[in-house]
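Hi,

Here is the structure I said I'd pass on.

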Amino acid sequence: MKTNVTAETDVKEDTDLDSSGMSGESRSQWALARRRFFHDRLAIFGLIIFSLIIIGSIAEIVLNPSGYQDLTGDYNQAPSWHHLFGTTTIGIDLFSACMKGVLQDLQIALIVSVMSVVLGTTVGALAGYYGGKLDTFLMRLVDLILVVPGLAILIVLSNQISGKGNASLYLAFLLGALSWTYIARLVRAEFLSLRERTFVEAARALGADNRRIIFRHLIPNCIGTITVNATLTIAGAILLESTLSFLGLGLVPPEVSLGMLVQQGEEAATTQWWQFAFPASILLLIILSVFFIGDGLQSALDPRKNRARS
Amino acid sequence: MRFVIRRLTISVFILFLASIFVFLLVAFSGDPLAQLKLDPRTPLATLQYRRHLLHLDLPLWERYFYWFSHAIRGDLGNTIAGLPVSPQLVSHMVITLRMVLVALVFSVIIAIGTGVISALYRGKFIDRTITFTNFFFLATPVFVTGLFLKFFVALPINQHAGKILIYTDGDQSPLADGSFFHRLPDYIGHMILPTITLILATYATWSIYQRSTLLETMDLDHVLLARSKGLSRRRVLLRHMLRNALIPVTTVIALDFAALLGGAVITETVYSWNGMGSWFLEGVGNLDVNITMAYLLVTAVFVIVFNLLADIAYAALDPRIRLS
């Protein structure tokens, strides 16, 4: 049974409408959001940089799959056309290594982001919708995770996974297990206010059960918050992973990550500046571009809060 | 007051759970005597004695209980090397707090300043510059900022001057002695880089937040009223807008204190400071349960206290909020 009430609140429905080009005069929410996003210059800037880095890294891995560990025989070469980012002390092409690191970091970050969204939304939705004892219990769990600085826990835990096979997968799960609390808090807060709204009452009056209300009415209304924070979680995960790698925890060679490259470049930073500068700049650019995309999404998806932003 | 007590009880309970969790984590992560066992010359008796000293021969729950019963009496046990943890903790903490507190003060000032300017000149060049800078530092990992300042700012300056103007290593000169005031210039010289690094790593979030809360107050009715009855811009800003806008910022700053301590771990590594962070990293590397527990306990207490202060400050600054 589809009623006007659902059609109005069900944001997801509009996507199909829009992609088939049927929206016509009255634009759907998504089309409006897309327009706002593409008018945000910083967001577009972020998107372009991000795409360039990804295209570059995929191309490099396809064209030169073992480049990140091949010893070229050119030691400590400054950047040139032959070695775009120069070479390391043992003769590895730094461009290859950086691009491999980008893919590694993104792979971890994506897992972390998906995990945070699934865990965070579930916990936040349950706590916010049902309230009571369940809410208290779940929020205490969140407090438990928040009370000890995340980096400290990560240092303790990743000390064990370094050097094991599949370390990057373990690391991703670890970061994910600690990163979901923020989304959980936000989703809970949105649920608390949304569940009192009239459209929920209307849906319930029409006979919708809890599951339907949560999945069809409440979660679609939180999509904006969730998307934005999923993006920011990607940036956060890259930051955390690189920090751990820098401290020599988490991933170890032969795996490559940007944090590790920065740490290796540190030793030669004064004489062979490129060994530090390129991995560090790529790391910075990728996080910065994800931030810009996230910020653009924020103002595109949530115009109510937008007034204060740009 | 009842609220404070209730919050404290909950926090202490959470702290207790967290301590069990961390204890198990470290205890399961490996044998601290593994290195010693690898050496074939170590007599069996020594190994057994060391095992006994570290209580490794006891069941896990008994080890935790031993730690817990001593910890609540203020005794945090001994390190693997056999030295008491508490004095080490204090001496390292003093070094770290020196850096963290100075950085905190400057970060707050810079964040509020840039946030307010940015909000007042919304959309103008200066606003866009500040916002971009904020995002830039938000995206820069602490260790990148630290290494950059060390290798590409401080070293060239020192080289140019022909002597060390800005120290890049350690928290004080190894040969420094004399009274506290005598050593003060040396302390400050060593503090410049780490503090700047930590400031740049923390102020950006707060600045962005300050800007958006101030912009939200701009459209409020009482601000419009104050403007329309002819108060000066300055008075409206200070008395009517900033007072409201500072409240949420205070809480965010307090809640972010954990991040500041995390940043300190990395800053200490970059500048080889002998603070709490590097002490903790070393402890983790040696699988030293007591050091790890002590560090986590102290940071957790800091976080709890700051959260509590944030809630109290919130209620004190905004009478609408009822402590519940």
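**Charged pairs in chain A**

A:Arg140 counts as partly exposed, since its relative accessibility is 31%. Keep in mind throughout that this is a predicted model.

A:Arg140 forms a salt bridge with A:Asp143, where the closest N and O atoms are 3.2 Å apart. Both residues lie in helix H6 of chain A, three residues apart, which is about one turn of the helix. A:Asp143 is partly exposed too, at 22% relative accessibility.

A:Asp143 has another partner: A:Arg185, with the closest N and O atoms 3.6 Å apart. A:Asp143 lies in helix H6 of chain A and A:Arg185 in helix H9 of chain A, so this pair ties together parts that are 42 residues apart in sequence. A:Arg185 is partly exposed at 41%. Through shared partners, A:Arg140, A:Asp143 and A:Arg185 are joined into one network.

A:Asp135 forms a salt bridge with A:Arg188 as well, the closest N and O atoms being 2.7 Å apart. That pair also runs from helix H6 (residues 132-147) to helix H9 (residues 181-194) of chain A, so it ties together parts 53 residues apart in sequence. A:Asp135 is buried at 11% relative accessible area, while A:Arg188 is partly exposed at 22%. Over all chains, the count comes to five salt bridges.

**Rings**

There are 13 aromatic pairs over all chains. In one of them, the ring centres of A:Tyr129 and A:Tyr130 are 5.1 Å apart with the planes at 90°, so the pair is edge-to-face. A:Tyr129 is buried at 8%, whereas A:Tyr130 is partly exposed at 42%. B:Phe136 and B:Phe137 are edge-to-face as well, with centres 5.5 Å apart and planes at 85°. There is also a cluster that takes in both chains: ring pairs link A:Phe45, A:Phe291 and A:Phe292 with B:Phe132 and B:Phe135.

**Helices in chain B**

How do H11(B) and H13(B) cross, and what meets there? Their axes come within 9 Å and cross at roughly 145°. From H11(B), B:Phe257, B:Ala258, B:Leu261 and B:Val265 meet B:Tyr295, B:Thr299, B:Phe302, B:Val303 and B:Phe306 of H13(B). The residues of this contact divide into eight nonpolar, one polar and no charged.

Helix H13 (289-317) turns up again with H4(B): along with helix H1 (2-28), it is included in what covers the buried residues of H4(B). Those buried residues are B:Arg63, B:Tyr64, B:Trp67, B:Ser69 and B:Ala71.

Cheers

Methods. Residues numbered from 1 in each chain as written. Chains lettered and ligands numbered in written order. Predicted model: local features only at pLDDT ≥ 70, side-chain atom pairs only at ≥ 80, totals over all residues. Heavy atoms only, no water. Buried < 20%, exposed > 50% of the residue type's maximum accessible area, 1.4 Å probe, protein only. Helix = DSSP H or I, 4+ residues; strand = E, 2+ residues; numbered from the N terminus. Contact = heavy atoms within 4.5 Å. Phe/Tyr/Trp six-rings, centres within 6.5 Å; stacked < 30°, edge-to-face > 60°. Axes fitted to C-alpha atoms, helices over the stretch in contact; angles between N-to-C directions. Nonpolar A, V, L, I, M, F, W, Y, C, P; charged D, E, K, R; others polar. Salt bridge = Lys/Arg side-chain N within 4 Å of Asp/Glu carboxyl O.
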